[in-house]
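Please keep the viewer open while reading.

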Amino acid sequence: MNKTTRINMIMRYINNRSQFTLKELMQEFNISRSTAIRYVRTIEDLGLPLVAETGRNGGYAVMRNQVLPAIHFTTDEIKMMFVAFMATRNQQLPYLTSRRTVTEKLLGLIPMTQQDDLLILNQRIIFDGTHPQNPNLLDRADLPDPLLEALIQQLIINQCMQLTDSHEHTYTVAVTHLYHEQSQWWLEFINLATNVLVQWPLTKITHVESANVNLNSQAIEAKLQAATPAPNVELQLGPIAVSRFKRYHPFSLSLSYTDPYQMRGILRHHLPLTVDEIAFFGDWMQFLGQDVVPVQLPDELQRYLRERYQN
């Protein structure tokens, strides 16, 4: 690791801490005391506002209300960020305008020859959702749901909020998760009037606003546990099924591993007994393959699986 990279790493380490000691630097970066002192002096010369603290537990602290020097990125780090931004195209993510401006700023950080390298990467790497003959052509709209940013801003303030649906009905809810699945965004929440756990696609929501309810995370977790129905499906998964589970599984499903190597596990889930849910779960079970041992299945799901296997 060259000196510039090491200094950048130490600057990031210092920026993320209110104070530090030479001993901590020595242990974190495996350097001698004299090297640690030399790096601290170099960083001070670069403009990082440090103040020495005396006493038995003394060390260094970053002066408050000071502008910190810019952190420099290596060429590989810029390439990594550029590829990451390009890979998120067509994923209907929030803050799309910010993503574009950040990408432009990344391009402006590097010389023209390195910009050409990024353009070559963009042409040769085909990301999901882009056209194989033209990586710049998206297969579907890149714009996110217009309510997504407003919902995220509200979530930062409070998990409790009011939602209005397309029928102009308003619900006071406690949001548990916002997630992306099946090419669209979904909101999982507890209806505070009925204490029922609900999953809605964002397309069903027309308006979001704050609510005069303020539940802490412990209270919401208690409501979530009370609203979660008892499982009616239990499956034992072997190594192949576990591997396929990791490749794809619906957001609502989680796996409890039964061995330290995470090669086997138990899946417990409450399956809503609607036609669509039964068909989706039954098809997903077939995707897991024959390395699955059913322990508990609803009659409706067993009937669906028998019909599928007979056909």
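The model is predicted: local features need pLDDT of at least 70, side-chain atom pairs count only at pLDDT 80 or more, and totals for chains, interfaces and linings use all residues. Residues are numbered from 1 along each chain as its sequence is written, and side-chain values use heavy atoms, with hydrogens and water left out.

**Five-stranded sheet**

- Five strands make an open antiparallel sheet, ordered β9-β8-β7-β6-β10.
- β9 (196–201) and β10 (205–210) are the edges; each has a single partner strand, so one side of each lacks a neighbour in the sheet.
- From one strand to the next, the twist averages 45°.
- Helices (H or I, at least four residues) and strands (E, at least two) are DSSP runs, numbered from the N terminus.
- Two strands count as paired if DSSP finds at least two bridges between them.
- In a regular strand, side chains alternate between the two faces of the sheet.

**Pairing inside that sheet**

- β6 (residues 160–165) pairs with β10 in the antiparallel sense, over five bridges. M161 stands opposite S210 in β10.
- β6 also runs antiparallel to β7, joined by five bridges. Here Q162 stands opposite T172 in β7.
- The β6 and β7 hairpin leaves four residues between the strands, and E168 in the turn has a positive phi of about 65°.
- β7 and β8 are antiparallel, with eight bridges. E181 has Q184 in β8 as its bridge partner.
- The β7 and β8 hairpin has two residues between its strands, and Q182 in the turn has a positive phi of about 55°.

**Helix on the sheet**

- β6 and β10 pair over five bridges. Helix α7 (residues 148–157) packs on the sheet and touches β6, β7 (170–181), β8 (184–191) and β10.
- The direction of α7 makes about 110° with that of β7.
- Axes are lines fitted to C-alpha atoms, for helices over the stretch in contact; angles run from 0 to 180 degrees between N-to-C directions.

- E188 sits in strand β8.
- Is E188 buried or exposed? E188 is buried, yet has no salt bridge.
- Buried means under 20% relative accessible area, exposed over 50%, and partly exposed in between (1.4 Å probe, protein chains only).
- The nearest side chain of opposite charge is K204, 15 Å away. Lys and Arg count as positive and Asp and Glu as negative, while His and the chain ends are not counted.
- Neighbours within four places in sequence aside, E188 is in contact with V175, T176, H177, Y179, L197, V198, Q199 and F251. Contact means heavy atoms within 4.5 Å.

**Salt bridges**

- How many salt bridges does a search of the whole structure find? The search finds two.
- A salt bridge is a side-chain nitrogen of Lys or Arg within 4 Å of a carboxyl oxygen of Asp or Glu.
- R268 pairs with E234; their closest N and O atoms are 3.6 Å apart. R268 lies in β13 (residues 265–269) and E234 in β11 (residues 233–237), so the pair ties together parts 34 residues apart in sequence.
- R268 is partly exposed at 45% relative accessibility, whereas E234 is buried at 17%.
- R308 pairs with D283; their closest N and O atoms are 2.4 Å apart. R308 lies in helix α11 (residues 299–310) and D283 in helix α10 (residues 275–288), so this pair ties together parts 25 residues apart in sequence.
- R308 is partly exposed at 37%, and D283 is partly exposed at 33%.

**Three-stranded sheet**

- Three strands form an open antiparallel sheet, ordered β1-β3-β2.
- β1 (19–20) and β2 (50–53) are the edge strands, and each pairs on one side only.
- β2 and β3 (residues 59–62) are antiparallel, with four bridges. L50 has V62 in β3 as its bridge partner.

- R12 lies in helix α1 (residues 3–15) and is partly exposed, at 28% relative accessibility.
- R12 and D299 are 287 residues apart in sequence and 57 Å apart in space, C-alpha to C-alpha.
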